[in-house]
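Look at the fold shown here. We will go through its nonpolar cores, then its sheet, then its helices.

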Amino acid sequence: MPVWVDADACPKVIKEVLYRAAEREQVMVTLVANQSLSVPPSRFLRTLRVPAGFDVADNEIVRRAQPGDLVITADIPLAAEVMEKGAVALNPRGERYSEATIKERLTMRDFMDTMRASGVQTGGPATLNQRDRQQFANELDKWLQAQRGK
């Protein structure tokens with residue numbers, strides 16, 4: 001099963017974890033972005049550049065994702081869409097979305113959009129820290145182990 005990465009917003013440190021995992025596990029990792037990306041030479045890493053535009057990369061990931069694939073994204077609507085297709089969604093902080101959490105996240109996202117639209121300053125997400133990175137690596141390893149058993 002391949003791994004799809006919403007690469008425009010994916011932190012560099014998370015991409016590096018993915019590069020190492022791709023080599024170690026010999027799993028295809030595709031980074032989808034609307035800009036050129038530099039990745040280490042590997043037969044397990046590839047980039048897919050899409051045209052600039054609202055949700056173009058997201059739409060391409062949704063189009064290509066298959067049941068059981070892993071999608072790395074912090075984009076809640078993208079996570080929800082790939083999950084509807086049977087893919088697994090994991091955010092760069094290591095949270096694996098479930099049917100219950102994705103609905104909660106969508107609701108919170110919509111609420112925060114409404115707050116921002118009314119002029120309330122909501123701030124952005126906290127900086128990615130070492131604990132987040134470790135949680136991501138752990139969840140990625142769980143998914144990879146499950147793939148070995150298939």
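A nonpolar core is a set of buried Ala, Val, Leu, Ile, Met, Phe, Trp, Tyr and Cys residues joined through side-chain atoms within 4.5 Å. Buried means under 20% relative accessible area, with a 1.4 Å probe and protein chains only. This is a predicted model: local features need pLDDT of at least 70, side-chain atom pairs count only at pLDDT 80 or more, and totals for chains, interfaces and linings use all residues. Residues are numbered from 1 along each chain as its sequence is written, and side-chain values use heavy atoms, without hydrogens or water.

The largest nonpolar core holds 25 residues. Val-3, Val-5, Leu-18, Val-29 and Ile-72 touch the most other members. Helix H1 (12-25) and strand S1 (3-6) are among the elements that each supply at least two residues. H1 gives the largest share, six residues. Helices (H or I, at least four residues) and strands (E, at least two) are DSSP runs, numbered from the N terminus.

Five strands form an open sheet in the order S3-S2-S1-S4-S5, with parallel pairing. Two strands pair if DSSP finds at least two bridges between them. Strand S3 (45-49) and S5 are the edge strands, each pairing on one side only. Three bridges join S4 to S5. Leu-70 stands opposite Val-88 in S5.

H5 lies across S1, S4 and S5.

Conventions: Buried < 20%, exposed > 50% of the residue type's maximum accessible area, 1.4 Å probe, protein only. Contact = heavy atoms within 4.5 Å. Axes fitted to C-alpha atoms, helices over the stretch in contact; angles between N-to-C directions.
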